[in-house]
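Hi,

Here is the structure I promised to pass along.

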Amino acid sequence: MRFRLLRHRLTISAPRVAVRSALPWPFRWLALAVLLGLCAVAAFRVFDSGKPVVAKLDAGTRAEWLALRSELASLHEQERQRQAVALTAESLLAAERAAKESLLAQVRQLQADNQTLREDLGFFEKLIPAAKTQGPAIRALQAEVLAGMQLRWQVLVIQATRNAPDFNGSLELMLAGTRDGRPWTQTLPPQGQPLQLRQYRRVEGVFDLPPNTVVKTVTARVLEGTAVRAVQTMALK
């Protein structure tokens, strides 16, 4: 019987047994409060000892941030200055190009004016009469072929005598050469060009040559009615 009672107590079906401390509950709360207080003191000491480190870290971070901010501002200022210098350089280059183009245009114009003045000087030098003759005379005849397609010509007619009466006549230009290998002549203009002068007159023009035409001689004639008053011929090379 005792064995059965003992086995019954030791098996799963045995009644539950609660083990309780003999320490009263006020002492338990007091111990818990003391433990929490110790933990708080320890945490406070850890926090208080870590404040200088955190302060140092914050001061270092702020100084680094301020340095980076200053460097960024300096870089922005340098970039602004570079952009200003680039814009100034671009403006100077544009002004220089414009000035260069203007100077080149002026040089070309001066060269053209110089060439014109030389031609006029040579032209008017020929106004000096070689001999005292009555009536109009051809003082100069110039002609040149341009690219084998056009003939540019110029004739200077003068009256060498002072107080010469006005001359009313015509100027005729005769071209002679070959066309397609055959003899060729043409008069410009066919009825003659009206010519009026007292002391001198320069007449010039450009004539379009027919295809496959080679001009060998140019003859200028000054006519008064049907009478030929002056003639001059030049050969073209």
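**The core and the strands around it**

Let me start with L173: leaving aside residues up to four places away in sequence, L173 touches L141, W153, V155, Q186, T187, L188, V218, T219 and A220. Before you read too much into any of this, keep in mind that the model is predicted.

That contact list ties in with the largest nonpolar core, which has 24 residues; V155 and L173 touch the most other members. Which elements give two or more residues to this core? They are β1 (136–146), β2 (150–159), β3 (167–179), β4 (182–197), β5 (200–208) and β6 (213–224).

Now for β3 and β4. These two strands pair in the antiparallel sense, over twelve bridges.

**Salt bridges**

How many salt bridges does the structure hold? I get six, and here are some of them.

One that spans the sequence joins the side chains of D166 and R198, at 2.7 Å from N to O. This pair links distant parts of the chain, with D166 in the loop between β2 and β3, R198 in the loop between β4 and β5, and 32 residues from one to the other. D166 counts as partly exposed, at 47% relative accessibility.

Then there are a couple in helix α2 (residues 25–125). The side chains of R80 and E77 meet in a salt bridge at 2.5 Å, N to O. Why can these two be about one helical turn apart? Because R80 and E77 sit three residues apart in α2. As for the surface, R80 is partly exposed at 48% relative accessibility, and E77 is partly exposed too, with a relative accessible area of 33%.

E79 and R82 also form a salt bridge through their side chains, at 3.2 Å, N to O. They are three residues apart in α2, so about one helical turn separates E79 and R82. Here E79 is partly exposed, at 36% relative accessibility, and R82 is partly exposed at 48%.

Cheers

Conventions
Residues numbered from 1 in each chain as written. Predicted model: local features only at pLDDT ≥ 70, side-chain atom pairs only at ≥ 80, totals over all residues. Heavy atoms only, no water. Core = buried A, V, L, I, M, F, W, Y, C linked by side-chain atoms within 4.5 Å. Buried < 20%, exposed > 50% of the residue type's maximum accessible area, 1.4 Å probe, protein only. Helix = DSSP H or I, 4+ residues; strand = E, 2+ residues; numbered from the N terminus. Contact = heavy atoms within 4.5 Å. Pairing = 2+ DSSP bridges. Salt bridge = Lys/Arg side-chain N within 4 Å of Asp/Glu carboxyl O.
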